[in-house]
Amino acid sequence: MSDGLKAVFWDLDGTLLRMDIHEFLGRYLPEISRALPGQDPASVGKAIMDATLDVVMSPNDPRANMDKFKEAFIRRVPVTGDEAFSRFNAFYDREFYSLGTPYAPDPDAIMALSFARDKGLVQALTTNPIFPMRALLHRMAWAGIDASLFAHITSYENSNACKPHAKCFLDVAALLEVEPGNVLVVGNDIREDMEPAHRAGMRTFLVEGYVIDNGSPSAVDARGGFTTLVKVMESLL
């Protein structure tokens, strides 16, 4: 790594926010699927998942993920994009926050974030940008994380590529004017965090506890808890 560590890109779900993503989705999808009156919730839920997959599979489409999702969703459900997004935004503003009841801040995660800040490292929250910013801010609140720690937060409004594409990380590095070789990517998913970061030429750290072990171990440079992560960051400075 030339010139040492300059930036840390953090995943959210299962990393800074200690959660089982599958358990969360099992509660989230039925709730948001009821946000469109007069529509079959099962059909809405399937349309959300299928439209999201379309977004994930289109890293070379320069449009924002939000616009790609809107187009893909209204192809599957007989509503206008404005109507659907008005209802979805109301859900995020009024009901989504209550889904965070099972979760609590992790003092060790906050300690690691504070260490990176105190060392002057540029920090970005590189969660998979398939959610609106309003949903991300709620999830950060569940984790007790201050948004001001981050120079950039990926959301579907400001991103046009998703994990597991390396472009998702490279775009943030370019935006923040840091070289890929000076970035450490911290996440819990080997396929979606470690592998694309490795392909981008970034170093990787796999946070244990909620690991999604569905990729190549060779993409993981180091692994462990947040105390180990602090030691790794210190060694790379």
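What follows is a run of questions and answers about the words used for this model.

Q: What kind of model is this, and how are residues numbered?
A: It's a predicted model, where local features need pLDDT of at least 70 and side-chain atom pairs count only at pLDDT 80 or more, while totals for chains, interfaces and linings use all residues. Residues are numbered from 1 along each chain as its sequence is written, and side-chain values use heavy atoms, leaving out hydrogens and water.

Q: Why are α5 and α9 called roughly parallel?
A: Helix α5 (residues 107-118) and helix α9 (residues 226-236) pack at an angle of about 15 degrees, with their axes 9 Å apart. Angles under 35 degrees count as roughly parallel, over 145 as roughly antiparallel, 65 to 115 as roughly perpendicular and the rest as oblique. So α5 and α9 get the label roughly parallel. The axes are lines fitted to C-alpha atoms, for helices over the stretch in contact, and angles run from 0 to 180 degrees between N-to-C directions. Helices (H or I, at least four residues) and strands (E, at least two) are DSSP runs, numbered from the N terminus.

Q: Which residues make the contact between α5 and α9?
A: On the α5 side you'll find Asp108, Ala109, Met111, Ala112, Phe115 and Ala116, and they meet Phe226, Thr227, Leu229, Val230, Met233 and Glu234 in α9. Contact here means heavy atoms within 4.5 Å. By class, that contact has 9 nonpolar, 1 polar and 2 charged residues.

Q: What does α5 lie across?
A: α5 lies across β1 (7-10) and β2 (122-125), and runs at about 155 degrees to β1.

Q: What makes β3 and β6 edge strands?
A: The open sheet has 6 strands in the order β3-β2-β1-β4-β5-β6, with parallel pairing. β3 (152-153) and β6 (222-224) each have a single partner strand, so one side of each is left without a neighbour in the sheet.

Q: How do you know that β5 pairs with β4 and with β6?
A: Two strands pair if DSSP finds at least two bridges between them. β4 and β5 are joined by 4 bridges, and β5 (residues 203-207) and β6 by 3 bridges, so both pairs pass the test.

Q: Why is Ala64 called buried, but Glu177 exposed?
A: Buried means under 20% relative accessible area, exposed over 50%, and partly exposed in between (1.4 Å probe, protein chains only). Ala64 has 18%, so it counts as buried. Glu177 has 73%, so it counts as exposed. Ala64 sits in the loop between α2 (41-56) and α3 (65-74), and Glu177 in the loop between α7 (167-176) and β4 (183-187).

Q: What does Ala64 touch?
A: Not counting residues up to four places away in sequence, Ala64 touches Tyr156, Glu157, Ser159 and Asn160. Ala64 and Tyr156 are 92 residues apart in sequence and 6.5 Å apart in space, C-alpha to C-alpha.

Q: Why is β5 described as largely enclosed?
A: Because 4 of its 5 residues are buried, β5 is largely enclosed by the rest of the structure.

How values were computed. Nonpolar A, V, L, I, M, F, W, Y, C, P; charged D, E, K, R; others polar.
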